[in-house]
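Dear colleague,

Please find the structure below, passed on to you for your own work. My findings follow directly after it.

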Amino acid sequence: MAVVLTQCSEKLGYLVLQLGKNFVMFMVMVIVCNALHYFLKPYSQPRITSDIFVGLVMGNVSFLRKLYMEFNTTFVFIIDFGMMCYMFALGIEMDPFILFKKPSKDAQVAYAGIICTFIIAGTTTPFLHYFTDQTKLLEYTFSLSTLLSSTASPVLTRLITRLKIGKSDIGKLVIATGMHSDFVCSLLLSVGYIAMPLDAFCDDYDEKKRLKKAIIMGCALLGQTVLTALVSPIFMNWVDNENPEGKPMKGSHLVLSIAVMVMACASSTIYEYSPILSAFMAGVCFPREGRVSKWVIAKINYLLTTIFFPIFFLWMGYAADFREFEAGHLLTWAKLFTLILIAIVGKVVGTVILGMILGFRWPESVAIGLLLTTKGHFHIFLAIKAIGCGANTSTGITMIMAIFFTIVHTPSVIAYIIKRARKRAPNHRMTLQLLDPLHELRILLCVHGPDNVPASINFMEISRGATPPGIVVYVADMIELTDQIAATVERGAEGHTTTVKDAAVVEMRDKVSNSFQAYVDEDSEGITLKRTLAVSTITNMAQDICVLADELMIALIILPFHRNQRQDGKLDMGHQGFRYVNRKLLRSAPCSVGILVNRGLGSIEKISRTQVSLNVAVIFIGGKDDREALAYAGMVARHPGVKLTVIRFLVDSSAESSRLAAYRVNLPELEEEVGLDDECFAQFYEKHINGGRISYLEKHLASAAETFTTLRSFEGQYSLVIVGKEGGMNSILTKGMDDWQQCPELGPIGDVLSGPDFAMTVSVLVIQQHRLKGELDGLDEDFSIM
């Protein structure tokens with residue numbers, strides 16, 4: 001008995017030791033992969049490139065290979081299970097209904113790349129003897145051609161999203177095309193497996209039973225697919241209804257959902273169908289939407305990234321034994337370069353040909369084709385499985401190297417796309433600060449109705465600037481589309497013109513038009529007036545105004561504040577729908593935006609052009625928006641009837657050195673902003689203030705409380721104050737002011753000036769400089785290049 005216990009103890013200790021060794025090896029793999037990925041980050045390489053490289057190196061270290069041999073059976077089980085999870089998650093994200101719809105643009109591009117690559121691969125690969133068993137040449141050629149025609153959509157999508165072009169037109173097209181290509185090729189492999197099961201390649205296979213086995217396997221797969229497609233939506237909807245968003249999921253429902261998924265994946269494997277392809281087909285039939293599906297995808301992706309992929313690439317390196325790589329044979333290198341050329345040439349030729357039909361530019365077509373060559377984890381898995389199943393180790397290594405080279409070039413292609421997009425982007429951003437003084441200022445002046453007209457006319461008057469080049473003003477009526485108005489809307493043949501025949505709207509527009517026309521008829525020097533219309537629902541109005549501004553090449557959109565001044569001087573509660581439009585436009589406008597808070601500007605009957613009749617102030621603390629406000633103030637200063645005062649708020653250096661040292665600007669980007677502020681203000685001072693026409697005040701302040709007090713001291717001195725929306729946002733002079741903001745869209749200074757505690761006779765113009773969306777330097781992330 002003691003001997004048995006001793007032997008069990010020794011075996012248990014040996015097993016624990018081996019597990020410890022494998023755990024250490026796993027951790028080393030994770031650390032080395034992360035380290036190499038970190039060093040490759042400047043080159044924007046996806047993680048899979050570092051994983052392949054580290055896996056091939058560590059898998060061929062001699063003392064590590066001994067550990068692999070002892071756990072090879074366990075490795076195979078882990079890899080198969082992991083790939084089942086991978087393919088199931090991939091299947092859930094696919095939309096099977098696209099096969100029954102009219103092919104969209106991305107589907108056409110996918111089909112063109114698949115067909116062209118398949119034809120080239122099918123006519124080329126048989127001559128290079130990738131597989132030793134030539135009796136099954138047709139099956140081998142079909143499988144290899146399908147793999148070369150496919151795209152690893154998870155790898156491609158992750159890379160495009162990480163490099164910030166996922167919201168562009170070409171990024172959306174490539175992602176959709178990659179998913180369509182991946183789906184179609186995986187579906188071909190899944191159906192093809194029925195006629196060409198794995199044991200037909202790897203084991204002795206009875207050809208007499210092949211047809212019978214294929215029929216049984218096909219019926220099992222069909223039954224699994226139909227049953228899953230019918231039952232899973234009903235079951236998942238029930239689980240989702242029982243577990244609404246915001247509440248933790250019930251454990252019993254979660255376990256039951258996983259059990260249903262496992263049963264759906266495993267049913268056809270009873271009849272010797274591939275469990276990995278069965279998981280993919282089950283995933284395709286499961287609904288993509290719903291809480292359970294999203295939860296499963298998130299958990300599987302986390303499991304794959306943190307645990308499975310390091311083990312997967314170790315297994316890959318072990319299988320790719322470089323001692324058997326026939327580097328001295330010319331045919332080996334011919335096989336490698338042929339695979340790479342087929343993948344690239346097939347996709348590029350297919351997309352270029354279809355691009356000519358669809359009207360794509362050839363550089364973009366080539367870029368799309370190069371991105372669609374991307375291969376991934378499933379391709380590596382099948383390349384390893386091919387070793388011993390018709391191909392030798394040298395050919396398997398060749399396939400892995402070819403997969404590596406289809407991935408490594410993708411960041412360069414994306415960099416080229418971004419470079420071309422920057423070249424095709426407008427030479428200047430739609431900002432006042434960068435506006436060419438020889439070009440006219442184009443303004444989109446929005447009004448809700450006749451009440452906004454007097455203030456808008458006075459705004460036009462002070463903005464007219466120098467006679468040449470002058471300003472072009474598009475006056476746009478913002479009309480909320482109701483059911484009653486929608487019934488009277490008539491659109492032109494091509495949708496370029498919109499006419500509203502509702503009596504109330506027609507009357508309102510006539511009043512607005514007559515008021516503006518009377519002003520222009522009296523003195524139109526330097527002003528070109530045009531009329532336009534923004535009739536839409538509140539939800540879509542901001543988008544329609546953005547499209548309008550883009551088409552008209554507008555540099556500044558002026559929006560009326562959603563609250564109007566009452567007879568007692570206070571502001572009413574306003575129209576919350578128009579407030580939503582204003583806030584949405586501040587986020588998405590293609591140019592600079594101003595919000596005009598009218599508290600007396602509209603009551604001025606006429607601004608004289610012979611003597612000063614309007615006192616205007618611009619407050620400068622710092623930041624992009626303040627620089628934009630200063631640029632607009634420079635145009636206002638040219639008006640002979642305007643007396644402009646520039647007020648600069650500076651941090652009191654003595655107070656900063658003592659009590660406020662903690663708030664000093666240390667971040668490099670903020671230091672750069674301060675430098676830009678100083679440069680901008682120095683240019684403005686030299687150009688405008690030195691001449692003596694513009695007054696200049698400098699206030700040295702130590703806190704937001706002093707800022708508020710200083711603003712209160714200006715009451716009654718100015719009829720209009722121009723401020724930047726986020727002026728001084730990172731400064732101690734505004735720190736804490738946003739805590740009591742009533743209207744954040746006006747910024748901290750604009751909110752104070754338009755608040756109930758301030759003078760009721762001071763109008764405020766809040767300006768925001770054009771924001772580039774995203775993190776692409778000098779380019780919006782939703783750029784258009786196609």
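Ser44 lies in the loop that joins helix 1 (2–40) to helix 2 (47–58). In this predicted model, the phi of Ser44 is near 60 degrees, a positive value in a residue other than glycine. Another such case is Met553, whose phi is positive at about 55 degrees although the residue is not a glycine. Met553 is placed in the loop between helix 22 (538–551) and strand 6. As background, most residues other than glycine have a negative phi.

Regarding the chain as a whole, the secondary structure comprises 28 helices and twelve strands. The protein chain has 786 residues, of which 52% count as buried. Among contacts with a separation of 6 or more, 80% are between residues 24 or more positions apart.

Turning to the sheet, ten strands form an open arrangement in the order 5-2-1-6-7-12-11-8-9-10, with mixed pairing. Strand 5 (527–536) and strand 10 (695–701) stand at the edges; each has a single partner strand, so one side of each is left without a neighbour in the sheet. On average, and with direction ignored, neighbouring strands are turned by 20 degrees against each other. Within the sheet, strand 1 (residues 441–447) pairs with strand 6 (residues 556–560) in the parallel sense over three bridges. Ile443 has Leu556 in strand 6 as its bridge partner.

Two helices that pack on this sheet may be of interest to you. Helix 23 (residues 576–588) touches strand 2 (471–480), strand 6, strand 7 (592–597) and strand 12 (763–768). The direction of helix 23 makes about 150 degrees with that of strand 7. Helix 24 (residues 624–636) touches strand 1, strand 7, strand 8 (614–620), strand 9 (642–651), strand 11 (720–724) and strand 12. The direction of helix 24 makes about 145 degrees with that of strand 11.

Which helices meet at roughly 170 degrees? The axes of helix 7 (residues 153–162) and helix 8 (residues 169–195) cross at that angle and come within 9 Å. Angles over 145 degrees count as roughly antiparallel, and helix 7 and helix 8 are therefore roughly antiparallel to each other. From helix 7, the contact involves Ser153, Pro154, Leu156, Thr157, Ile160 and Thr161. From helix 8, Gly171, Val174, Ile175, Gly178, Met179 and Asp182 take part. By class, the residues of this contact divide into six nonpolar, five polar and one charged.

Finally, some points on burial. In helix 19 (residues 453–463), ten of the eleven residues are buried, so this helix is largely enclosed by the rest of the structure. The buried residues of helix 19 include Asn458, Phe459, Met460 and Glu461. Helix 15 (residues 362–372) is mostly covered, with eight of its eleven residues buried. Among the buried residues of helix 15 are Glu364, Ile368, Leu371 and Leu372.

Ser232 belongs to helix 10 (residues 210–242). Is Ser232 buried or exposed? Its relative accessible area is 2%, and since buried means under 20%, Ser232 is buried. Neighbours within four places in sequence left aside, Ser232 is in contact with Leu227, Cys285, Phe286 and Pro287.

With kind regards

Methods
Residues numbered from 1 in each chain as written. Predicted model: local features only at pLDDT ≥ 70, side-chain atom pairs only at ≥ 80, totals over all residues. Heavy atoms only, no water. Helix = DSSP H or I, 4+ residues; strand = E, 2+ residues; numbered from the N terminus. Buried < 20%, exposed > 50% of the residue type's maximum accessible area, 1.4 Å probe, protein only. Contact = heavy atoms within 4.5 Å. Axes fitted to C-alpha atoms, helices over the stretch in contact; angles between N-to-C directions. Parallel < 35°, antiparallel > 145°, perpendicular 65-115°, else oblique. Nonpolar A, V, L, I, M, F, W, Y, C, P; charged D, E, K, R; others polar. Pairing = 2+ DSSP bridges.
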